[in-house]
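I opened my notebook to keep track of what I looked up in this one. Here is the thing itself, before my notes.

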Amino acid sequence: MLSVKKPGTGKAKHIISRDKEKEVLRACKKLGSMATNYIVGCSAGVSASTAGRIINKYRPKQKNNPAKQPEIKVKWGKLHTCWSIDTLTVKLAGGIKAYLQLILEERSRCILSSQLIMKKSGKKSAGLIRATIHAFNLAPLVLKHDRGSEFMNSDVQGLLKNYRILPLVSPYRYPPYNGKLENTNRLIRKYMSRTRPMSYEKTEALVKEAVCYINEEMPRAIFEGRTSKEIYSAGIYFKESCRRRFTWLVKKHMDKFMKNKKRKMSRATAYRKAI
């Protein structure tokens, strides 16, 4: 093996003789499954990187490889296709703990409804979902929620089944799955952090003020400076006639990413890629 300087670079270029290449390939064939670059290099008297270059150079190319199919994702392109619900903790005056529940329309990022409660329960969560459905006179295709006890109960799950709403449950310890609502929660906390903890009535009024600001006044970078209300006003509603087809499509892709054991990915990654 010779070392020759490449003109204009000052770097040495290694020229490997044909005999040395044959020696490396013979060693690779002889060693079989134990033929790592280091072992082949030691047998042939070359470095591991040189042995690797030679092996890769003469490695047979795979033919007739099927084209990689792009991953199909379900996108919420119409209003009320996907809602998400979450609960965040709020402190009242005197250190009293309360809970704020929000329902978000994911296409426009509009907060559809909210309630401030003193204790989490399945009946109160189901009541908020039912009230929102009746207020807009429609039910979404999908409802995203975490694994909180206020959602994983017969009251909420029975309600979703009655209205033919498909529940999408986030993986364990993976808040980014419900990222749009988590971001909205941060906006609510930031808005409310400007004042000290107040009474229940004043906190409830502050929540309504924050919701109004986020929906109607706050420009969204993702919408090129438009507000959520403008996106909602210009959007197209999800049609009830499409529910059966879209339900089948969502279930199909969730099954594909969650039950395919050949995919080497965590459960959280599978959830994130499926939607």
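Below are my entries, going from the whole chain down to two residues.

**Ground rules.** I'm working with a predicted model, where local features need pLDDT of at least 70, side-chain atom pairs count only at pLDDT 80 or more, and totals for chains, interfaces and linings use all residues. Residues are numbered from 1 along each chain as its sequence is written, and side-chain values use heavy atoms, with hydrogens and water left out.

**Whole chain.** I looked up the helices and strands first (DSSP runs numbered from the N terminus: H or I of at least four residues for helices, E of at least two for strands). The chain has 10 helices and seven strands.

Next I checked burial: of the 275 residues, 39% are buried (under 20% relative accessible area with a 1.4 Å probe, protein chains only; exposed is over 50%, partly exposed in between). The chain exposes about 17400 Å², and 53% of that comes from carbon and sulfur atoms (Shrake-Rupley method, 1.4 Å probe).

Then contacts, meaning heavy atoms within 4.5 Å. Taking those between residues at least 6 apart in sequence, 58% join residues at least 24 apart.

Most residues other than glycine have a negative phi. So which way does phi go at histidine 80, and at what angle? I found a positive phi of about 65° there, although histidine 80 is not a glycine. Histidine 80 sits in the loop between helix 3 (48-57) and strand 3 (82-91), and it counts as buried because its relative accessibility is 1%.

Asparagine 137 isn't a glycine either, and its phi is positive at about 55°. I located asparagine 137 in the loop between helix 4 (122-136) and strand 6 (142-145). Is asparagine 137 buried or exposed? It counts as exposed, because its relative accessibility is 71%.
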